[in-house]
Amino acid sequence: MEASVILPILKKKLAFLSGGKDRRSGLILTIPLCLEQTNMDELSVTLDYLLSIPSEKCKARGFTVIVDGRKSQWNVVKTVVVMLQNVVPAEVSLVCVVKPDEFWDKKVTHFCFWKEKDRLGFEVILVSANKLTRYIEPCQLTEDFGGSLTYDHMDWLNKRLVFEKFTKESTSLLDELALINNGSDKGNQQEKERSVDLNFLPSVDPETVLQTGHELLSELQQRRFNGSDGGVSWSPMDDELLAQPQVMKLLDSLREQYTRYQEVCRQRSKRTQLEEIQQKVMQVVNWLEGPGSEQLRAQWGIGDSIRASQALQQKHEEIESQHSEWFAVYVELNQQIAALLNAGDEEDLVELKSLQQQLSDVCYRQASQLEFRQNLLQAALEFHGVAQDLSQQLDGLLGMLCVDVAPADGASIQQTLKLLEEKLKSVVTFVLDVGLQGLREKGQGLLDQISNQASWAYGKDVTIENKENVDHIQGVMEDMQLRKQRCEDMVDVRRLKMLQMVQLFKCEEDAAQAVEWLSELLDALLKTHIRLGDDAQETKVLLEKHRKFVDVAQSTYDYGRQLLQATVVLCQSLRCTSRSSGDTLPRLNRVWKQFTIASEERVHRLEMAIAFHSNAEKILQDCPEEPEAINDEEQFDEIEAVGKSLLDRLTVPVVYPDGTEQYFGSPSDMASTAENIRDRMKLVNLKRQQLRHPEMVTTES
């Protein structure tokens, strides 16, 4: 029975052999029942076809039948189980009926199976899909039953059709070729009494059938007919179920018969020993020029690392091992040919010498290519070794440059900078003078070897694409050069960073010193700048001196601000947090604010003192030209008011924003200043009385 005859039925997938096996190594036959009514005749035909595929040895192990009744009715399941008795009674060892989630009537099903157990001849068990692994390993179950075995029914069916077609054509062709070859032998032995016509040609082209067979065999070897590595997923069956041995057997028979057929057509009559030697020579030559050369031609890379080069060396050793076997055959053949040349016929000498020369040329040329390849890989390994050592040196230097430096003060950063300079000098000298130069030498040597690479084939100039190898070698050397340049740049950056840190510490120290200076100026302002002058001229001189004093303080404050701004810029450049921004700057602003308040208070007092002394001096001086101004009572009142205000201000402390208070000078200093003001006010009052009562002046006189 052929699959093409019952193709519509097989497409319905009424039953299938998934390739899985039970614990007895018996095949698993799956019958997936569906909601629609199953045609028992079609199911019977499907089972007959499937059971015709395994060998008798495989059938003898027995089948485990899985009846998937999860989507069917109990009466259908029972009918299928009973039908198995008629279709495959002897081969069935176990029937597993997969029950649905909503189970059938337990009493009925149990009773029926128990009643018919002896009559059926095989054991029937009811089991849930998730408990099927009690009887069959999960790896032997398909995904429908929670297993890991994958099965593609249409892929199996398509391959089966191709296989059966090839089997049919190849069998027919074998019969025809055997008939032709046997007829040729009879004709030679019975003096041309032929049972068949030697001009008879096969009905199909043997080359076409062989090509089809090789394509099928290649597909089977790749997919193993029932298995796949590239998308079609049907797991391998037992050896008896695999089509590959059958195809190989048919191909071997076809090649044998076809070779005989070719020999008949060419009517060759060479001696058996010469044919055998020639065949072996051609085997060696064909392998060396074919698969051997292809192996070398495919292994043209040099790897991109030590590990990759070592892997290529290992692969090359495997290739050398395969070549060694053929070189051993070459030595044996060379000895046989030499013996034949010493005792051979003259008509064979030319052919034997030609074979010997051809064999020697191929073997010596192939051995040279193997040696060249080995030397190339060794040079590549040494190049990658130097590159790796240099890379590790650069990584270590880069790691050292990337470590953050957090010194406590300017002295420690200067010490760290000195140590870094010494260490960098030694490391960079090694990397630049030794490692990089060695890498260039190894790389140039490897490039020279690649440029001198010879051809791979006899009489042909086969250009090997080495651009990728050359680009890789040049890329590694350029990359190391760039990494070296980056490290040099980072050295400069690290040096600049440390110099900036030195400058940062210096700015912070100077800023703190500016705060101290400003604090000293404030202390001097409060303790020593207390006099208000005895007259207007002296007070003006004191005011001018105070303004110069304030200018000095302003310069000190501006200097501190500039230093702190510089620390901010340096911190941004160094990407670190400045201590000045959290400590020195508030202190500087606080001291400056206190100095500003005290300075303003000092200016107010001096300005009031100037006004008081100026007006008092006008009153006290004899000014006959302005009698009306002198007699003006408002001026006296104003002088008195200014004097009292000034006295009151002397008793008031300077109040800072934080609520603290501070007095100018000591209480005795303030008392002395106040006494001077009161004496001047007394003179003004005396003058006022004189102007009011001139007769008092006359009487006193």
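This report describes helix packing, aromatic pairs and selected residues in a predicted model.

The model is predicted, so local features need pLDDT of at least 70 and side-chain atom pairs count only at pLDDT 80 or more, while totals for chains, interfaces and linings use all residues. Residues are numbered from 1 along each chain as its sequence is written, and side-chain values use heavy atoms, with hydrogens and water left out.

## Helix packing

Helices (H or I, at least four residues) and strands (E, at least two) are DSSP runs, numbered from the N terminus. Two packed helices are described by the angle between their axes and the distance between the axes. Axes are lines fitted to C-alpha atoms, for helices over the stretch in contact, and angles run from 0 to 180 degrees between N-to-C directions.

| Helix pair | Angle between axes | Distance between axes |
|---|---|---|
| H15 and H18 (residues 667–692) | about 30 degrees | 9 Å |
| H15 and H17 (residues 633–651) | about 150 degrees | 9 Å |
| H2 (residues 40–51) and H4 (residues 74–87) | about 45 degrees | 11 Å |

Angles under 35 degrees count as roughly parallel, over 145 as roughly antiparallel, 65 to 115 as roughly perpendicular and the rest as oblique. H15 and H18 pack at about 30 degrees, which makes H15 roughly parallel to H18. H15 and H17 are roughly antiparallel to each other. For H2 and H4 the angle is about 45 degrees, and H2 is therefore oblique to H4.

Handedness follows a separate rule: a crossing is left-handed if the near helix is turned anticlockwise from the far one by less than a right angle, and right-handed if clockwise. H15 passes H18 in a left-handed crossing, and the crossing of H15 and H17 is left-handed. H2 passes H4 in a right-handed crossing.

## Aromatic pairs

Rings of Phe, Tyr and Trp (its six-membered ring) pair if their centres lie within 6.5 Å; planes under 30 degrees apart count as stacked, over 60 as edge-to-face and the rest as tilted. Searching the whole structure gives six aromatic pairs. One of them is formed by Trp287 and Trp326, whose ring centres are 5.4 Å apart with planes at 20 degrees, so this pair is stacked. Trp287 belongs to helix H9 (residues 272–298) and Trp326 to helix H10 (residues 306–343); the two are 39 residues apart, and the pair links distant parts of the chain.

Burial is judged by relative accessible area: buried means under 20%, exposed over 50%, and partly exposed in between (1.4 Å probe, protein chains only). Trp287 counts as buried because its relative accessibility is 14%, whereas Trp326, at 22%, counts as partly exposed.

Phe549 and Phe595 form a tilted aromatic pair, with 5.8 Å from centre to centre and 35 degrees between the planes. This pair also links distant parts of the chain, since Phe549 lies in helix H14 (residues 536–574) and Phe595 in helix H15 (residues 584–620), 46 residues apart. Phe549 is buried at 13% relative accessible area, and Phe595 is buried at 0%. Ring pairs join Phe549, Tyr557, Trp592 and Phe595 into a cluster. H15, the helix of Phe595, is the helix that packs with H18 and with H17.

## Loop residues with positive phi

Most residues other than glycine have a negative phi, and most peptide bonds are trans. Lys13 has a positive phi, near 55 degrees. Lys13 is located in the loop between helix H1 (7–11) and strand E1 (16–21), and its relative accessible area of 27% makes it partly exposed. The charged end of Lys13 sits over the ring of Phe16, 4.9 Å from the ring centre. For such a contact, NZ of Lys or CZ of Arg must be within 6 Å of the ring centre and within 35 degrees of the ring normal.

Ser25 also has a positive phi, near 70 degrees. The loop between E1 and strand E2 (27–32) contains Ser25, which is partly exposed at 36% relative accessible area.

## Other residues

Ser360 is part of helix H11 (residues 346–402) and counts as buried at 13% relative accessibility. The side chains of Ser360 and Tyr330 are joined by a polar contact of 3.4 Å. A polar contact is a pair of N or O atoms within 3.5 Å; within protein, one must be able to donate a hydrogen and the other to accept it, and residues adjacent in sequence count only if both atoms are side-chain atoms.

Glu123 is in strand E5 (residues 123–127) and counts as partly exposed at 40% relative accessibility. Glu123 and Leu94 are 29 residues apart in sequence, with a C-alpha to C-alpha distance of 5.1 Å.
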